[in-house]
Amino acid sequence: MKPETLLIHAGRSVDAATSAVTPPIHLASTFERAPDGSLPHGFVYTRFGNPTRQALEQALAALEGGVEAAAFASGSAATAAVLQSLAPGQRLLLPRDCYNGTANSVRQVFAHLDAQFVDMTDLAAVQAALEPAPALVWLETPSNPTLRLTDLAAVSSLAHAAGALVVCDNTWATPLGQRPFDLGVDLVMHSTTKYLGGHSDVLGGALITKTATPWWQRLKQIHVLAGAVPSPFECWLILRGMQSLAYRLRGHCANALAVAEWLAQHPKVEAVHYPGLASHPQFELAQRQMLLMGGMVSFEVVGGAAEAIAVAAQVKLWTRATSLGGPESLIEHRATLEGPDSPTPPALLRLSVGLEHSDDLIADLAQALAVL
């Protein structure tokens with residue numbers, strides 16, 4: 001089935017008990033055994049499994065093209081499960097410009113791992129970092145917040161040749177915008193809080209595996225024993241949000257391109273980062289690897305942090321907030337959030353382009369940039 005159809009039907013069916021078209025939320029924390037001690041429906045306790053979570057996991061696996069999925073309480077919890085699956089001292093490679101939360105988790109919580117941050121856009125640097133061979137290579141593309149791209153097929157090939165497993169954070173692209181499994185990736189991570197949930201009202205994460213390997217069994221064990229599972233209500237919200245993803249994402253992408261093109265012509269804008277622009281240094285890779293260019297844009301104003309913060313302070317329609325993927329457009333001075341050691345350019349503003357009319361979004365940015 002096409003993605004639009006999968007999003008409507010995967011993991012969903014008419015309720016057998018009531019004929020309700022919308023699946024119910026199974027809030028139960030525990031499930032009755034049969035007189036002989038068996039589990040008639042396979043459920044024993046919600047931390048181990050729940051009908052609503054199972055429906056979400058089935059939908060996620062189908063959409064991403066994997067064989068199984070595990071839903072987590074947040075994207076960070078899903079990331080932590082992957083890191084927990086590694087033994088102390090095992091090597092892993094990560095992008096130098098990966099999500100700040102992932103980098104902090106590695107440095108502050110999983111410091112017992114031998115982590116190396118690499119410029120994943122430089123294949124020679126990746127090749128050099130693969131000796132000695134790491135257990136895991138973590139990828140994120142487009143990157144947060146500078147929207148640099150990693151060649152998933154090339155890096156996956158290099159990593160596999162070295163005996164490493166490959167994980168891709170596909171949150172920004174979504175399964176509709178990028179297909180990591182088709183490019184050699186072994187495991188995909190999502191913050192389902194973002195585009196999959198799509199309404200800024202739920203927190204969640206997910207891991208999806210390409211094949212049912214022993215490593216996947218280990219990850220599932222960590223999932224239920226560590227207990228970082230979402231509640232049934234969160235699962236239901238994400239499953240509901242996914243139904244409109246295909247049409248929402250097209251709107252995000254169209255608006256993002258319009259905003260990026262306008263910003264690229266503005267005299268007070270030093271640089272625009274968006275893979276859909278022909279001026280993006282990796283435009284050719286974006287055309288080859290991505291199906292949709294996404295709803296995230298970042299730009300650098302003329303000046304520095306003070307000028308960027310002044311622009312963000314002036315907006316009326318954009319909301320000054322973190323996160324992304326909701327219907328409302330957000331603006332954020334990313335370096336402020338990341339702290340004094342942030343590698344993000346101080347003049348950079350990150351945009352999550354929402355579903356308002358692009359003319360209104362551009363008009364608001366125009367009056368905000370007039371402060372410079």
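1. Contact, as the word is used in this note, means heavy atoms within 4.5 Å. The structure is a predicted model, in which local features need pLDDT of at least 70 and side-chain atom pairs count only at pLDDT 80 or more, while totals for chains, interfaces and linings use all residues. Residues are numbered from 1 along each chain as its sequence is written, and side-chain values use heavy atoms, with hydrogens and water left out.

2. On the helix pair α2 and α9: Thr52, Arg53, Ala55, Leu56, Ala59, Leu60 and Leu63 in α2 meet Pro232, Cys235, Trp236, Ile238, Leu239 and Met242 in α9. By class, this contact of α2 with α9 has 11 nonpolar residues, one polar and one charged (Ala, Val, Leu, Ile, Met, Phe, Trp, Tyr, Cys and Pro count as nonpolar, Asp, Glu, Lys and Arg as charged, and the others, Gly among them, as polar). The axes of α2 (residues 51-64) and α9 (residues 232-242) come within 8 Å and cross at roughly 35 degrees, where axes are lines fitted to C-alpha atoms, for helices over the stretch in contact, and angles run from 0 to 180 degrees between N-to-C directions. The crossing is left-handed, a term for a near helix turned anticlockwise from the far one by less than a right angle, with right-handed used if it is turned clockwise.

3. On the helix pair α10 and α14: the axes of α10 (residues 245-264) and α14 (residues 358-369) come within 9 Å and cross at roughly 30 degrees, and α10 passes α14 in a right-handed crossing. Asn255, Ala258, Val259, Trp262 and Leu263 of α10 make the contact with Ser358, Leu361, Ile362, Leu365, Ala366 and Leu369 of α14. These residues divide into nine nonpolar, two polar and no charged.

4. On helix α4 (residues 100-109): its buried residues are Asn100, Thr102, Ala103, Ser105 and Val106, where buried means under 20% relative accessible area (1.4 Å probe, protein chains only). The buried residues of α4 pack against α3 (75-84), β2 (91-95), β3 (114-118), β4 (136-140) and α13 (334-338).

5. On the whole chain: there are 14 helices and 12 strands, taken as DSSP runs numbered from the N terminus (helices H or I, at least four residues; strands E, at least two). Of the 372 residues, 54% count as buried. Residues 24 or more positions apart account for 70% of the contacts with a separation of 6 or more. The C-alpha atoms fill a box of roughly 75 × 55 × 35 Å, taken along the principal axes.

How values were computed
Buried < 20%, exposed > 50% of the residue type's maximum accessible area, 1.4 Å probe, protein only.
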